[in-house]
Amino acid sequence: MTPLVDAEARRAIREDLVSSLVVEAAAGTGKTTEMIARIIAVIRTGAATLDRIVAVTFTEKAAGEMKLRLRTELERARNAVTSGDERDRLEAALEKLEVARVGTIHSFCTDLLKERPIEARVDPLFEVAAEDEADHLYQQAFDTWFQAALGDPPEGVRRLLRRDDPTDLLRDAGHALKERRDFDGAWRRDPFVRDAAIDELVIELATLGPLAALGHPADPLAKLFRRIEVWIAELGRRDGVRRRDHDGLEAELAKVGKWYEWRYSGRKQLYAEGMPRAAVLEQRDAVKAALDAFLIAAEADLAACLHGELRPLVAEYERLKARAGRLDFLDLLARARDLLRDDRRVRNEMQLRFTHFYVDEFQDTDPLQVEILLLLCADDPAVSDASRATVAPGKLFVVGDPKQAIYRFRRADVAVYEAVKRRLLADGARLVHLATSFRSVPSIQAAINAAFAPVMSGDGQASYVALEHHRADITDQPTLVALPVPEPYNWRGDVTNWAIQQSYPDAVAAFVAHAISASTWTVSSG
Ligand SMILES: Nc1ncnc2c1ncn2[C@@H]1O[C@H](COP(=O)(O)OP(=O)(O)O)[C@@H](O)[C@H]1O
Ligand SMILES: [Mg+2]
């Protein structure tokens, strides 16, 4: 067999045990396989015993699979080695596998807190609240808080109550805040004279109304202006009978900003006799820019205001959790981080006890997990600030696929990943890329390379690493099928992303069902 194009990278993972490594590669390139190979190499050569090793990933499912694969590979290695010492080391590891720190990062933190509850200031009998239990406690806290808030709504709540589905908005806002409660500083609230800004904006919008009568009724611009004119007239009627209601107007303006009529500019050179379309568009765009700027400022102001008002909700959630003796997933991370940061003895003990850390799916890491890892891997026992920690050589091994982290997942995002990667490399870690994909055939990879290489530039997101094929192409059945979108049109007859997204999943699922059950093709997964 010809050697893989990335054989050198794979060799480094298995043999360069004295460096810390950052392995970056796409799905199916053997990242988890290589990580396990490295753990085996460390154990086999006696560089560490299993009780000094921590291997973590982010989901229960991946953690279970990792442990299973580790067992299989330990057995395989034990059966293959010829040296008695090596066999003894592998045998010892197999015996200790069940109690090894191989699991999710949350289970690692749970073990740490259970071991040191006094130093960590947690209830020694605490139990972990699973996600649905934590959601239930949050819902209870929300109901209590919302009842109290409705009695005399503070400013932010009052403003939000004018929106559609305010309860959902508040519940979601509270949830988001609770999920970020480890960042507990107050939010900046810039001076913002909302009522005056609204009055000014209404005057600006009103300047567009009279343009409606000048254009052809079917002209998209005239339709926008007409809608504005009607809205302004209705507002005028309301202003005539009662004082202007700025909370209501703020909510209305958010809707005005989303009118679909803003999107169409029309094509004809002239909007009306002697009125070039370009000049009218300029006027429209200036008003729209003012509206957008207002909405951004108003939302930021509202968010800062709500941030303070939702604090009692988060406090109530904390109270309910404490009463039930529960820690949620964020508590596990936050308390473990606090313990390692604030208690030097515990930190140093853990630094000595664990000599090798392995992190799979590192693109899913969040800032607290990073802090925990950096504190545990720091070479200087005195350092308590993770941002100043330098990773001891060879202590950390991370594998990840930044391409899978383009979207925020929980609290993880690719910026955290990239920042940690840069730090590790600056501290002397090696960056290694795997490029051979074991899963898909060459034609699929060629298509993926062609589609993603040009758009994933590395600017604010992951940069693209082209995949090399490993499997042979399949010649007697199709490997790449282009499916037409059944209904790419919206109700107006325009092709839209939304319509495509709506109609595509069913079509893809139907085609896959056909490929599996009715086509005569060989179908396998993996
Ligand atoms: N060196 C290799 N040669 C052949 N197949 C491999 C090799 N490394 C991994 N594989 C296979 O490729 C598939 C993906 O491996 P995995 O380690 O799960 O990849 P990743 O973690 O990058 O998604 C698995 O089926 C695995 O058995
Ligand atoms: Mg994997």
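Mentor: Domain bounds here come from an automatic or database domain assignment, and the model is a predicted one.

Trainee: How far apart do the C-alpha centres of domain 1 and domain 2 lie?

Mentor: The assignment gives domain 1 as 7–104 + 352–469 and domain 2 as 128–324. Between the C-alpha centres of these two domains the distance is 44 Å.

Trainee: Which domains does the largest pocket lie between?

Mentor: The largest pocket holds about 710 Å³ of space. Its lining counts 23 residues, and among those closest to its centre are Ile444, Pro478 and Val523. Two domains both give residues to this lining, so the pocket lies between domain 1 (7–104 + 352–469) and domain 3 (481–526).

Trainee: Which helix gives the most to the lining of the largest pocket?

Mentor: By class, the lining has 14 nonpolar, 6 polar and 3 charged residues. The top contribution, 5 residues, is from helix H20 (residues 497–518).

Trainee: Which helix gives the largest share of the shell around ligand 1?

Mentor: The residues around ligand 1 include Gly28, Lys31, Thr32, Thr33 and Arg69. The shell divides into 3 nonpolar, 5 polar and 3 charged residues. Its largest share, 3 residues, comes from helix H2 (residues 31–44).

Trainee: What share of the area that ligand 1 exposes alone does the protein bury?

Mentor: A polar side-chain atom of Arg69 lies 2.9 Å from an oxygen atom of ligand 1, and a backbone N or O atom of Gly28 is also placed 2.9 Å from an oxygen atom of the ligand. For Thr29, a polar backbone atom is 3.4 Å from a ligand oxygen. Taken alone, ligand 1 exposes 560 Å², and of that the protein buries 66%.

Terms used: Residues are numbered from 1 along each chain as its sequence is written. Chains are lettered from A and ligands numbered from 1 in the order in which they are written. This is a predicted model: local features need pLDDT of at least 70, side-chain atom pairs count only at pLDDT 80 or more; totals for chains, interfaces and linings use all residues. Side-chain values use heavy atoms; hydrogens and water are left out. A residue is near a molecule or strand if one of its heavy atoms lies within 4 Å of it. A polar contact is a pair of N or O atoms within 3.5 Å; within protein, one must be able to donate a hydrogen and the other to accept it, and residues adjacent in sequence count only if both atoms are side-chain atoms. Accessible areas come from the Shrake-Rupley method with a 1.4 Å probe; for residues, only the protein chains shown count as cover. Helices (H or I, at least four residues) and strands (E, at least two) are DSSP runs, numbered from the N terminus. Ala, Val, Leu, Ile, Met, Phe, Trp, Tyr, Cys and Pro count as nonpolar, Asp, Glu, Lys and Arg as charged, and the others, Gly among them, as polar. On a 1 Å grid over the protein atoms alone, a cavity is a set of points where a 1.4 Å probe fits but cannot get out, and a pocket is an open set with protein on both sides within 12 Å along at least five of seven lines; lining residues have an atom within 4 Å of a point. Grid points are joined across faces, edges and corners, and a volume is the space filled by probe spheres set on the points.
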